[in-house]
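Here is a guided walk through one structure, meant for someone meeting it for the first time. Please keep the view open beside the text as you read.

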Amino acid sequence: MSVQRWSVGDATITSVVEDETHHIPPEFFFPGVTAADLLRQPWLVPDYTDADGNIGLRVQALVIEVAGRRVLVDPCVGNGKARRLPFWNDMSWPFMERFAEAGFTAESIDTVVHTHLHADHVGWDTTQVDGEWVPTFTNARHLYTERELTHWRDDADRVAEDVYGDSIAPVVDAGLADIVAEDADLGDGMRLEPSTGHTPGHVSLWLERDGARALVTGDFLHHPAQCAEPEWAEIGDHDADQARATRRRMFDAAATSGALVIGTHFTTRPAGHISVDGEAWRFDPV
Ligand SMILES: [Zn+2]
Ligand SMILES: [Zn+2]
C-alpha cells in the first residue's frame, strides 16, 4: 500500500496503517444491523462496504507535521500484546517498518495524542524489551484526558486484559505523560474537542492552518455508514445515547466547517467531507 498523505494548509497528515480487514459481517460491530441495512447506502460500495453488505475496518495511526512538530495520533494495537480479541492478540505487524517507510523515526515524534484509551489506540506507545514494556516514543509528551485515564486505570477488567498496565503505565512511570483538558489548545492550530460517549473521556482533534480545517474523528464513529445512520451504536460504545448525540453534533460541525474529515477506522479512502443528506449526512471521500 502506498503512503496516504493529505495537506491541510501548510500542514500534512500521513496515515500509517497497521491493519485493514474487509468482508466483516456488520453485526460484529453494529448489533442488530444487517447487510441489507448497509446496502441501502450504495455510495458505501466498494470503499467501505462490499457488494454483499459486509463492512471494512482499518486500524491506522496518523502523523501530523505542523510548524516543525511531529504529532502522532492513536498508535494502534501494537505487537506482542496479550489481548482478548484473537485478531489483536500477540501480533507481529510490520508497523514500525511502515512508519519508517513513511519517513518517520520514533525519536522524531514530539507529541502523542490519544482520542481515547482503547487497546487499538495506544498499542505502539510501548515496545517489549527484555520482557518489559518500555516507551517507544521516548522524546514525546503523551497526552491523556483525566476522565479517560482514570476510567481505564481503575477498570476492573484489567485482570483479563491489562491495556493500562502494558501500554499506559510504562509511559506514566517514565515521566512522559501529561494530563490535558478535553478542550485543550495544543498549539499550532491543533485543539481537542470532547466527543464523549464511545468512552467517558473521548476527544477528537481539530487542525486549522491557513483557513483550512481537518478533523481526526477517533471512535465517535467507526464507519461512514453512521453518517447516514447516526443512531447505529457500535458494540464498544460505553454510553450509546451520549455517543448518538455526539455523532449528530460532530457531523453538524464537520459539515458546517467544510473540514477534511479523517475517519480513524475508515478503509481504503479514509479522508473526505461530510455533507448534509436529507435528515442525516453522507461522507464523500477525496
Ligand atoms: Zn474505541
Ligand atoms: Zn478504535
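**A walk from the zinc ions outward**

Histidine 116 and histidine 118 are both buried, where buried means under 20% relative accessible area, exposed means over 50%, and partly exposed lies in between (1.4 Å probe, protein chains only). Before going on, please note that this is a predicted model, in which local features need pLDDT of at least 70 and side-chain atom pairs count only at pLDDT 80 or more, while totals for chains, interfaces and linings use all residues. Residues are numbered from 1 along each chain as its sequence is written, chains are lettered from A and ligands numbered from 1 in the order in which they are written, and side-chain values use heavy atoms, with hydrogens and water left out.

Which residues coordinate the zinc ion (ligand 1)? They are His116 (NE2), His118 (ND1), His198 (NE2) and Asp219 (OD), at 2.1 to 2.3 Å. Donors here are N, O and S atoms within 2.8 Å of the metal (3.2 Å for Na, K and Ca), and water is not among the atoms, so sites may look incomplete. Along the sequence, the donor residues of this zinc ion (ligand 1) follow the spacing H-x1-H-x79-H-x20-D. The angles among its 4 donor atoms run from 89 to 171 degrees, and the site is irregular. To place that word: four donors count as tetrahedral if all angles lie between 85 and 135 degrees; four count as square planar and six as octahedral if opposite donors are over 155 degrees apart and all others between 65 and 115; anything else is irregular.

Now turn to the zinc ion (ligand 2). Its coordinating atoms come from Asp120 (OD), His121 (NE2), Asp219 (OD) and His265 (NE2), at 2.1 Å. The donor residues of the zinc ion (ligand 2) are spaced D-H-x97-D-x45-H in sequence. Why is this arrangement irregular? The 4 donor atoms around the zinc ion (ligand 2) subtend angles of 88 to 164 degrees, and therefore the arrangement is irregular. Aspartate 120 and histidine 121 are both buried.

Next come the charged pairs. Side chains of opposite charge can pair when their charged atoms come close. A salt bridge is counted when a side-chain nitrogen of Lys or Arg is within 4 Å of a carboxyl oxygen of Asp or Glu. By this rule there are 22 salt bridges. One of them joins the side chains of arginine 269 and aspartate 47 (2.7 Å, N to O). Arginine 269 lies in the loop between strand 14 (260-262) and strand 15 (271-277), and aspartate 47 in the loop between helix 1 (35-39) and strand 3 (55-66), so the pair ties together parts that are 222 residues apart in sequence. Helices (H or I, at least four residues) and strands (E, at least two) are DSSP runs, numbered from the N terminus. Arginine 269 counts as partly exposed, at 36% relative accessibility, whereas aspartate 47 counts as buried, at 12%.

Another salt bridge is formed by aspartate 237 and arginine 247, with their closest N and O atoms 3.6 Å apart. Aspartate 237 lies in the loop between helix 5 (225-228) and helix 6 (240-257) and arginine 247 in helix 6, so this pair ties together parts that are 10 residues apart in sequence. Both aspartate 237 and arginine 247 are buried. Salt bridges also link Glu231, Asp241, Arg244 and Arg248 in a network.

Finally, look at some backbone details. Most residues other than glycine have a negative phi, and most peptide bonds are trans. The peptide bond from valine 45 to proline 46, however, is cis, with omega near 5 degrees, and proline 46 sits in the loop between helix 1 and strand 3. Cysteine 76 is not a glycine, yet has a positive phi of about 55 degrees. Is cysteine 76 buried or exposed? Cysteine 76 is buried, with a relative accessible area of 0%, and belongs to the loop between strand 4 and helix 2. Aspartate 130 also has a positive phi, near 50 degrees. The place of aspartate 130 is the loop between strand 6 (126-129) and strand 7 (132-135), and aspartate 130 counts as exposed, at 79% relative accessibility.
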